[in-house]
Amino acid sequence: MKPYRVLVVDDSAFMRKIISDLIENDANFQVAATASNGREAIEKVNELSPDLVTMDVEMPEMNGLEALKIIMAQRPLPVIMLSGINEEGMKETILALEWGAFDFIRKPSISNSQDIIAVGVSLREQMKEAMLARQQREARASAYKVPELPAAEAAPAPQPERGPVKRSPESPKKAPELPRKPADRLKAKPELSPASEKDKGKSSPGRTAPDSAFPPDAAKRPALPPKPASDPSRNRSKEEAKPAQPDSRPAASAAANYESSAAGGDRKSANKGLRKLVAVGCSTGGPRALKAFLENIPADFPAPIVIVQHMPPNFTKSLAQRLNTFSPLEVAEAEQGMILRQGAAYIAPGGYHMRVVPAAGGQYAIDLTLEEARNGHRPSVDTLFESILPYTSLERHAVIMTGMGSDGARMMKSLYDSGVTSTFAESEETCVVYGMPRSAVELQCVRHVLPLQEIAPRLVQAVK
């Protein structure tokens, strides 16, 4: 098999050399060309048709973000962004992921050989995943293609006249069925939603067709709903949402409440406060998926949403701030000891596991820890899902969206086996990488397998 051809884009000749060497450490990839700015990158993409591009975010003349938008509009292909760790670079990286980049890595420190090696491992892993995802999309497109009929058979048979077509009760446009009553949950058998089969190959307004991993130009997106006024009863307003560093842990730790509850042997007691909770996990392609998900959850949603998105430290803060501008919910990077509130979403900070633990008055709080990485990640979706497993008096809903690997699947299975049947997974046709959802589906613990655009409406129906 011929190696995949890569275009390396960076304004630094030294960095172009480092990245090129890291790529060609894998015989499956070959650097076809390099470019020093976004404008040159666009020209070489059109000229050479590479399989993949690595793109620096900050460059003179035309930066990586501007080049990415043009490439996605003219000739979509997997683009991996190389980001600096300064605040502006992180913000632009989040935008790049939203506008179609496959994923990103931070730029290596040129004075640290171990860091260069680690970045190389991460880069090659992402490139392999990008090529695998492309092959899977092409295979699906080929499987769905209708073969051409000979000329004699091509003409359709005459059809009798029909009256107005009545919509089938199973039409995906009809409001989904209400979830089973709690008393029936333990008896419920796993069933995959037919929506994923019905909607294959369809597109929804304002989105690309599901088989495309790239979103439309942001300028064409519909206007967002007005933001609700801040509620003084919430833990903080959007104007105050400046998450503190998670390592400054308060003395009255939420973890202490958890240990006290566990010691008493009754984690169901005193649950007079929070009644419902949604836990979400995602990885590669997650920032775009979270935007589509959160902007369709109403401000009066009667449950907090806790989210694990695999992402390095500091980037999660930029992600939360960006998502907060789109969602009717209050979206923030989680802090130690935060009390979970309805109508709010909390994103686990990069580098920390996030757990949900009991707090006073039947409330629940955030607990951040520096335990070892799990499934290769910190934060880990399995860690979050595991933390809500004991709270049987809490109505729990679990969601897994796009991402490589299997993080979250095992603990979703544990939740399902314990009676939590409100479980959701993103279907293959809209995933950037169908890894984490596939793992959950294969464990037969997913009640609803849905295209991305249907997850939020169906979840709202289930929670309300």
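## Ground rules

Residue numbers start from 1 along each chain as its sequence is written, and side-chain values use heavy atoms, with hydrogens and water left out. Because the model is predicted, local features need pLDDT of at least 70 and side-chain atom pairs count only at pLDDT 80 or more, while totals for chains, interfaces and linings use all residues.

## The nonpolar cores

Let's start inside. A nonpolar core here is a set of buried Ala, Val, Leu, Ile, Met, Phe, Trp, Tyr and Cys residues joined through side-chain atoms within 4.5 Å. Buried means under 20% relative accessible area, exposed over 50%, and partly exposed in between (1.4 Å probe, protein chains only). The largest core has 61 residues, and Met55, Phe293, Phe301, Ile305 and Met401 have the most contacts inside it. Helix α14 (residues 452-463) gives the most to this core, with seven residues; helices (H or I, at least four residues) and strands (E, at least two) are DSSP runs, numbered from the N terminus. At least three residues of this core come from each of domain 1 (4-131) and domain 2 (276-461), with bounds from an automatic or database domain assignment.

Ile305 touches Val278, Val280, Phe293, Leu294, Ile297, Leu329, Ala344, Ala345 and Tyr346, leaving aside its neighbours within four places in sequence. Contact means heavy atoms within 4.5 Å. A second, separate core has 43 residues, including Ala279, Val357, Val381 and Val441.

An unreviewed UniProt entry lists Asp56 for "modified residue: 4-aspartylphosphate". UniProt positions are given in the numbering used here, feature names are shortened, and annotations may be inferred rather than shown by experiment. In the model, Asp56 is found in strand β3 (residues 52-56) and is buried, because its relative accessible area is 2%. Beyond its neighbours within four places in sequence, Asp56 is in contact with Val9, Asp10, Asp11, Gly64, Met81, Leu82 and Lys107.

## Other covered spots

Helix α9 (residues 286-294) is mostly covered, with nine of its nine residues buried. Among them are Arg288, Lys291 and Phe293.

Gln126, in helix α5 (residues 113-144), counts as buried because its relative accessibility is 7%. Outside four places in sequence, Gln126 contacts Ile80, Phe102, Asp103, Phe104 and Ile105. Thr423 is found in strand β13 (residues 423-426) and counts as buried at 0% relative accessibility.

## Rings and charges

The structure holds three aromatic pairs. Rings of Phe, Tyr and Trp (its six-membered ring) pair if their centres lie within 6.5 Å; planes under 30 degrees apart count as stacked, over 60 as edge-to-face and the rest as tilted. One of the pairs is Phe104 with Phe315, tilted at 4.7 Å centre to centre and 40 degrees between the planes. Phe104 lies in strand β5 (residues 103-106) and Phe315 in helix α10 (residues 315-324), 211 residues apart, so this pair links distant parts of the chain. Phe104 and Phe315 are both buried. Tyr364 and Tyr391 also form a tilted pair, with centres 5.1 Å apart and planes at 55 degrees.

Charges meet rings too. A charge sits over a ring if NZ of Lys or CZ of Arg is within 6 Å of the ring centre and within 35 degrees of the ring normal. Lys69 lies over the face of Trp99, at 4.5 Å from the ring centre, and the charged end of Lys291 sits over the ring of Phe326, 4.3 Å from its centre.
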